[in-house]
Amino acid sequence: MIRINKLTDYGIIIAVRIASDEPGRLHSAREIAAATRIPPPTVTRLLKQLARSGILASTRGASGGYALPQPPKAITVARLVEALEGPIALTECSEAVCGCALEEDCVVEAPWQTISLAVRGALESVTLADMARPSLAPPLVSLGGVKA
């Protein structure tokens with residue numbers, strides 16, 4: 001089974017929580033932890049990671065917090081996943097540079113790259129705004145005739 005890890009899932013939940021509120025409003029780690037029921041140390045860690053990647057902006061001080069510097073429709077799920085997990089690749093040979101010992105004679109490298117690009121395309125087609133308002137989300141994309 002291919003899965004996004006739990007921390008990435010939590011990070012997306014946190015970003016959706018912030019996106020669901022009024023634009024520009026600052027959110028504290030404590031408030032987000034209470035609203036999402038994600039442990040406070042995990043929330044703090046993920047907020048810092050999302051801020052380092054530029055997805056969130058942080059403001060220091062007693063009345064500080066975190067906010068989205070861009071509209072939720074400008075932030076794709078692919079960008080969130082990359083900020084929290086790194087490059088989107090299903091196998092080692094899904095990336096441009098492959099260090100696999102079998103690469104020279106590999107017959108599955110190109111198909112894996114095609115599959116990886118399709119997954120990336122699906123993640124890029126859904127925005128944070130879509131995640132915050134699932135009833136308004138675009139229809140599921142078709143991957144080779146199978147609904148994703």
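Guide: The chain has six helices and four strands. From the N terminus on, they run α-α-α-β-β-α-α-α-β-β. This is a predicted model: local features need pLDDT of at least 70, side-chain atom pairs count only at pLDDT 80 or more, and totals for chains, interfaces and linings use all residues. Residues are numbered from 1 along each chain as its sequence is written, and side-chain values use heavy atoms, with hydrogens and water left out.

Visitor: What makes a stretch a helix or a strand?

Guide: Both are DSSP runs, numbered from the N terminus. A helix is H or I with at least four residues; a strand is E with at least two. Residues 65-67 form strand β2, and glycine 65 lies in it.

Visitor: Which residues does glycine 65 touch?

Guide: Contact means heavy atoms within 4.5 Å. Leaving out residues up to four places away in sequence, glycine 65 touches Leu26, His27, Ala57, Ser58 and Thr59.

Visitor: How do you know how α1 and α2 are oriented to each other?

Guide: Two packed helices are described by the angle between their axes and the distance between the axes. Axes are lines fitted to C-alpha atoms, for helices over the stretch in contact, and angles run from 0 to 180 degrees between N-to-C directions. For α1 and α2 the angle is about 105°, with the axes 10 Å apart. Under 35 degrees counts as roughly parallel, over 145 as roughly antiparallel, 65 to 115 as roughly perpendicular and the rest as oblique. Therefore α1 and α2 are roughly perpendicular. Ile13, Ile14, Arg17 and Ile18 of α1 meet Glu31, Ile32, Ala35 and Thr36 of α2.

Visitor: What makes a set of residues a nonpolar core?

Guide: Its members are buried Ala, Val, Leu, Ile, Met, Phe, Trp, Tyr and Cys residues, joined through side-chain atoms within 4.5 Å. The largest one here has 27 residues. Those with the most contacts inside it are Ile14, Ile18, Leu47, Leu68, Leu80 and Leu128. α1 gives the most to this core, with six residues.

Visitor: What does leucine 47 touch?

Guide: Not counting residues up to four places away in sequence, leucine 47 touches Ile14, Ile18, Ala29, Ile32, Leu56 and Tyr66.

Note on methods: Buried means under 20% relative accessible area, exposed over 50%, partly exposed in between (1.4 Å probe, protein chains only).
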